[in-house]
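Let's take a walk through a protein model together, one piece at a time. Keep the picture open while you read.

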Amino acid sequence: MRTEHHVLLPAHPGQRHELVSLHHGTPGAGPKVVIQASLHADETPGMLVAHHLRSRLAELDAAGRVTGEVVLVPAANPLGLGQWSLRTHQGRFDQAGGENFNRHFADLTEAVLERVGEALGGDAAANTAMVRRALREAAAAQPASTPLEDLRRTLLGLAIDADTVIDLHCDGQALLHLYTTPATWSPAGELLARCLGVEVALLADRSGGDPFDEACSMVWVDLAARLGPARPLPPACLAVTVELRGEHDVTHELATRDADAIITYLHHRGVLQLPDPPALPSRCCEPTPLAGSMPMHAPHGGVLVFLRDLGDVVRRGEPIAELIDPITGRASVVASPADGLFFAREWRRFAYAGMAIGKVAGRDAVRSGALLSP
């Protein structure tokens with residue numbers, strides 16, 4: 001294992017932040033996988049999964065069983081880790097400028113076309129290798145004048161040439177679910193979902209806001225569309241945002257289970273060799289469109305009481321929660337906006353007017369525009 005320390009630009013004299021990445025295997029020897037945890041720094045489950053992955057990967061690497069390359073970023077947001085206010089961790093948004101840490105990653109499509117567009121030909125494998133080199137160069141050349149911009153540039157530089165990118169997040173309270181693109185769902189995305197035991201898989205080409213996973217995967221789709229069939233280019237990067245249940249689901253039992261599932265996936269992707277690999281789970285959820293994931297909002301402020309449990313199959317119009325104004329006694333029912341699976345909800349039990357309080361995964365793509373929460 002090799003440890004790299006990436007010192008980020010300071011916002012002012014005397015400040016220092018560094019991103020740490022752990023490298024296993026040999027670059028170029030086989031498929032490359034990048035796993036990062038807690039880009040939203042207050043989403044803790046991913047860091048515990050990374051802790052368990054660290055020891056497993058170190059053992060496998062020492063035994064010569066890592067046949068590809070695995071890069072583990074155990075805490076992907078050193079800026080957000082230190083953002084505390086009145087005993088509350090604020091790890092989702094950069095306090096310096098208010099931006100979501102998982103938005104505004106660079107689209108490198110034009111930069112790659114400028115570098116190698118004319119050199120690409122009819123050999124898909126050769127095109128893939130050439131595009132990967134160009135992506136590394138374009139990511140390194142991205143300008144950065146703030147710590148946040150430098151963090152985005154560094155994370156993208158570590159992952160932009162990978163075959164698989166796994167970005168570990170969590171929701172408030174939720175079933176284990178993931179986000180990825182239709183182009184990479186089968187077979188690679190479905191394999192990861194099966195290994196993890198994912199209960200909801202949400203697919204979209206563009207969710208809005210340029211999150212990290214789409215910056216790594218959609219550049220291949222966009223390049224292929226621009227190049228046309230005469231210069232073939234496969235969707236060579238599976239990038240997935242995995243939501244590790246809820247913010248409070250931080251236990252060694254769950255983290256060990258998730259780390260083992262990722263190790264199993266890496267074995268079946270040919271990145272490492274397990275001496276006694278477990279059988280693949282036979283069950284996998286059916287994917288649904290991210291545009292069919294329907295949020296529910298509080299009609300007014302008050303005490304939030306859920307009437308249904310996560311994992312319940314619900315019908316449109318069916319009561320999901322109740323909002324109670326403790327001063328006036330006003331009580332309002334929040335109904336399901338669609339037929340589907342009730343898979344995520346707010347963990348706090350007092351809501352303000354307009355607050356997103358839960359999500360139902362429906363099968364019909366009915367939403368458009370920005371599909372992710374702010």
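What you see is a predicted model, where local features need pLDDT of at least 70, side-chain atom pairs count only at pLDDT 80 or more, and totals for chains, interfaces and linings use all residues. Residues are numbered from 1 along each chain as its sequence is written, and side-chain values use heavy atoms, with hydrogens and water left out.

Start with strand E14 (residues 302-306), which pairs with strand E16 (residues 319-324) in the antiparallel sense over four bridges. Find valine 305 and look across: glutamate 322 in E16 stands opposite. Now zoom out, and you get an open sheet of four strands in the order E17-E16-E14-E19, with antiparallel pairing. Strands E17 (331-335) and E19 (350-351) sit at the edges with a single partner strand each, so one side of each has no neighbour in the sheet.

At 32% relative accessibility valine 303 counts as partly exposed; buried means under 20% relative accessible area, exposed over 50%, and partly exposed in between (1.4 Å probe, protein chains only).

Why is E4 largely enclosed by the rest of the structure? Five of its five residues are buried, so that is how it ends up. Glu69, Val71 and Val73 point one way from E4, while Val70 and Leu72 point the other way.

Strand E2 (residues 18-25) pairs with E4 in the antiparallel sense over four bridges, and histidine 23 stands opposite valine 71. Strand E3 (residues 32-37) pairs with E4 in the parallel sense over five bridges, with lysine 32 opposite glutamate 69. To get from E3 to E4, the chain crosses through helix H1 (residues 45-62), and this β-α-β crossover is right-handed (with the strands pointing away from the viewer, the path from the first strand over the helix to the second runs clockwise).

Conventions: Helix = DSSP H or I, 4+ residues; strand = E, 2+ residues; numbered from the N terminus. Pairing = 2+ DSSP bridges.
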